[in-house]
Amino acid sequence: MDLECYRNFLAIVEASSFTGAAECVHIAQPALSKQLRNLENYFGAKLIISNRGSRQLFLTEAGRAFYQKAKYICSLDDLAKAEINSIMGGVRGTLRFSITSSRSALFIKSSLKNFSQLYPKITCELYEASIEEQTQQLLNGITELGILSTPLHHQENFQVLFRRNEELVAVLHKDSVWLDNDKDTITMQELEDIPLSLSGGCATIFKNACEEYALIPNIICISTSRQTALQWVAEKSAVAILPIEPGEDLGPDYITKRIEDIDTDLYKIVVKVKDRPLSVAAQHFLKFYAKTRNSQQVCNLEEVLRS
C-alpha cells in the first residue's frame, strides 16, 4: 500500500468526514472513497462505517487498530525525513512532548527556553492533556517524549528515562487569614477545618491520608488543572493542596508549607515508548536535559541513544 493511502485514511478519521478530509489533503472526494475501499479490500475488513442519515463517521474495531498503526507508520516516515534534514542542514525538526498543562510553564522556564536558544531550528510542540490522553498520544506516535505524572497507564509499554521527586504542600496566599505562624510545615490536623482546593493529581493521596488520620477535610474543589487549584488561593477563598518540585517558586503571592505528617511517593518522569527509535532532535534534548536538570537518570542514556 502507498504511504499516501495511510495518510489519507488518517485525514478521514481526524476530519470525521470525507468532505473535510478531501479539502485537507486536496483530493477529490470520490478518489478518497475509492482509496478507502481499496484499503478495506486489502485488509479484508470494514474500517469505517457511517450511520444512515448522519454524515459522521465511526471507526470499527479493525479501523481503530489500523488507525494506531497507520499513525505510527506515518510518524516513522516523518522521523526519517526530519533526521535526513538534520544531517543535511544542521539539527532541525519538530520535537513533540506530552505534558500536563499544570507543568508546561515550569517545563518551558526550566528546560525549553534554554534548549530553544541552543537549537533554534528545532520547533517544540507541547500536547497538554490528561495522563490517559498523554499515554495514547505517545503510543500512537503523535508525540515522542512524555513529561508525565505517576502512576503511569500501560507502564509496561514505556521506558522511564529520568525521574524527578515532588512533595505534597499546602499553598496559602501571603495575606491569607489561615497564615498564622512562620513554620515551613503544616500538619494534617491543622488543615482539617480549612477550605481546601485540591489538584486532581494528588486528590486520592490526600483523601487516603485523611482517612488514615480519621479526619474529615473541608474540600470545596478538586480540579484537573493545578492553576485552577491555585486560583482559589489567589481569591483568598481556600488553601491549595498540590505537588511541587523541591525549591519550586510559585510566585511572590504564594507561601508553601510542606505537609509534614503525610507519606507520599510523588514524582515526575520523562518517558519514551519502548523499542521506538528517537529522532535526532529528541536525542539532543535528552543529552541537554541530562546536563542541565538535576533529575535522577533511571536509564543508561548512552545505550538508549545508541539504540
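Modeller: One cut-off before we start: a residue is called buried under 20% relative accessible area, exposed over 50%, and partly exposed in between. And keep in mind that this is a predicted model.

Take Ser 16, in the loop between helix H1 (3–15) and helix H2 (18–25). Its relative accessibility is 27%, so Ser 16 counts as partly exposed. Most residues other than glycine have a negative phi. Ala 214 is another residue with a positive phi, near 55°, and is not a glycine either. Ala 214 sits in the loop between H8 and strand S9 (218–223), and because its relative accessibility is 65%, Ala 214 counts as exposed.

Helix H8 (residues 203–212) also holds Ile 205. At 27% relative accessibility, Ile 205 is partly exposed. Leaving out neighbours within four places in sequence, Ile 205 is in contact with Ile 262, Thr 264 and Leu 266. The C-alpha atoms of Ile 205 and Pro 243 are separated by 11 Å, with the two residues 38 apart along the chain.

Now for the inside. The largest nonpolar core has 24 residues, and those touching the most other members are Leu 95, Phe 97, Leu 145, Leu 161, Phe 285 and Leu 286. Two or more residues come from each of strand S3 (93–99), H5, strand S5 (145–149), strand S6 (158–173), H10 and helix H11 (301–306). H10 gives the most, with six residues. Take Leu 286: beyond its neighbours within four places in sequence, Leu 286 is in contact with Leu 145, Leu 161, Phe 162, Val 270, Leu 278, Leu 301 and Leu 305.

The axes of H5 (residues 101–118) and H10 (residues 280–292) come within 11 Å and cross at roughly 120°, so the two helices are oblique to each other. The crossing is right-handed. On the H5 side, Phe 107, Ser 111, Leu 112, Asn 114, Phe 115 and Leu 118 meet Ala 281, His 284, Phe 285, Phe 288 and Tyr 289 of H10. Sorted by class, this contact has eight nonpolar, three polar and no charged residues.

Note on methods:
Residues are numbered from 1 along each chain as its sequence is written. This is a predicted model: local features need pLDDT of at least 70, side-chain atom pairs count only at pLDDT 80 or more; totals for chains, interfaces and linings use all residues. Side-chain values use heavy atoms; hydrogens and water are left out. Axes are lines fitted to C-alpha atoms, for helices over the stretch in contact, and angles run from 0 to 180 degrees between N-to-C directions. Helices (H or I, at least four residues) and strands (E, at least two) are DSSP runs, numbered from the N terminus. Angles under 35 degrees count as roughly parallel, over 145 as roughly antiparallel, 65 to 115 as roughly perpendicular and the rest as oblique. A crossing is left-handed if the near helix is turned anticlockwise from the far one by less than a right angle, and right-handed if clockwise. Contact means heavy atoms within 4.5 Å. Ala, Val, Leu, Ile, Met, Phe, Trp, Tyr, Cys and Pro count as nonpolar, Asp, Glu, Lys and Arg as charged, and the others, Gly among them, as polar. A nonpolar core is a set of buried Ala, Val, Leu, Ile, Met, Phe, Trp, Tyr and Cys residues joined through side-chain atoms within 4.5 Å. Buried means under 20% relative accessible area, exposed over 50%, partly exposed in between (1.4 Å probe, protein chains only).
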